[in-house]
Every structure is written in C-alpha cells, then in structure tokens.
Amino acid sequence: MNASREGDGHHKIDSVPSAWAIERFGKDATRLSVAVPERLTRAHLRARAGYKASGLTRPGAAYGHTLAETVREELALEAEELGGEVRLLRGRSYAVINEQVLFPFKYGSHPAPVEDAIMKDPSLVRRRLFAAYGPDEPEGLFPVDEYSTEEYEHLHEAFEELGRAQNLVSVFFTCDPENGVHAVHWGEARLEPDGTFSWTYREELAVVGA
C-alpha cells in the first residue's frame, strides 16, 4: 500500500505498506495493514451477536464491554498466527508483534476525526504504557510541580510483563452496533496530560465491511 500524505504525520493507505509500517512490523507489515481492520470487524460482529442474543433492547454495556474484550482477543489471535506474543498486563491481553505492542482504543460510537479522540480519566496503567512505550514528550510537557522525580520515573518505567516490547502502536477506531467499524487509524500517539492525543505519525487503514 502506498501511503499518501494528508498533512503533518498523517498518511492514508493506498496499496502497499508504508516505510513506517515496514520499520515497525517488517515482513508482517503487508498482512497487518489488512488484518487489523479485519480483526476489528470480526470483533464487532462477535460483540453484536452477543448483544442480540442477550435480548436487550439497547446495546449499552452488552455491546461495549464485549467489544473491548473481543478486539483484544482478535488482535491476540493475529499475533499468535504471526508468531508474535500475547502478554497479559493487569488482566488484559496485549498483542506484541515484532516487539511492537498493539493498543486498541475505540474513541467514538459515531464517525469522528481521530484528532478529536480523548481518553477520559486514563488509568495509571494506560498513562504508564504511553509514557514508557509511546513517543517521547516534548521537554516541559509535564509541569514540574505535578510529579515528583520518583513519580515521573515510575511513569516512564517499562512493564516487566511486556518483555522486550519496544514501542506502542496505537490502533484507534470508531464503531457502533448497527453500522460496524467506521474508520481505523494506527500510528504513534502521545497521551497528553488532559487526555487528548498528539500523533507523531498516523495512517488511516482501509475499513473492511461487515
């Protein structure tokens, strides 16, 4: 897939994997650029089937919680098929492929620009994931008086559970029970103190219809 430039750090996938994807995933870059959207769609279909079978008139948690689990499971299955690893971190499975940790995040239930993505009240685990494995933050991003030296160092401490993992590849998407996955983006995102994200590199992947 050729990656066409659409602005600073943003590329849209056309036909061959980008240099960034090849650098991150090597020989698996071509397959993953197709497989990731496919896995998200499979996860959606599984979550929707569970919601329909529940007999509830509104999807609510029956769809949302199941989707979160099935997304992680589908990406883990893909990692295993590619000879990667599945690492358990605080009870949640993370796919690790070519030492890249895949971090899926549904940022909306309606089509919306990925620039609008926000993570409300991120847990310490998530903040630590982004701090330790995501892009380095600009000097002075965190106010000096907000963290002590010990707290700051802990925030950037790698997780032993993730082994030799080197980088965090963010997989952001929007999805709803009836229409499925609307858009998928992957790349390198930095979690800002206010819960928004700054992308140092981003690509939009082709969505697979349900």
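Predicted model: local features only at pLDDT ≥ 70, side-chain atom pairs only at ≥ 80, totals over all residues.
Close-up 1. Glu69 counts as partly exposed, at 49% relative accessibility, whereas Arg72 is buried, with a relative accessible area of 10%. The side chains of these two residues, Glu69 and Arg72, meet in a salt bridge of 2.6 Å from N to O.

**Close-up 2. The hairpin formed by strands β3 and β4.** Strand β3 (residues 85-89) pairs with strand β4 (residues 92-97) in the antiparallel sense over 5 bridges, and Val86 stands opposite Ala95 in β4. Between the two strands lie 2 residues, and Arg90 in the turn has a positive phi of about 50°. Glu85 and Arg87 form a salt bridge in which the closest N and O atoms are 2.9 Å apart; Arg87 is partly exposed at 25% relative accessible area, and Glu85 counts as partly exposed at 37%.

**Close-up 3. A salt bridge between Glu99 and Arg164.** The side chains of Glu99 and Arg164 meet at 3.2 Å, N to O, and the pair links distant parts of the chain, 65 residues apart, with Glu99 in the loop between β4 and β5 (100-108) and Arg164 in the loop between α5 (149-155) and β6 (167-176). Glu99 counts as partly exposed, at 23% relative accessibility, while Arg164 is exposed, with a relative accessible area of 67%.

Methods: Residues numbered from 1 in each chain as written. Heavy atoms only, no water. Pairing = 2+ DSSP bridges. Helix = DSSP H or I, 4+ residues; strand = E, 2+ residues; numbered from the N terminus. Salt bridge = Lys/Arg side-chain N within 4 Å of Asp/Glu carboxyl O. Buried < 20%, exposed > 50% of the residue type's maximum accessible area, 1.4 Å probe, protein only.
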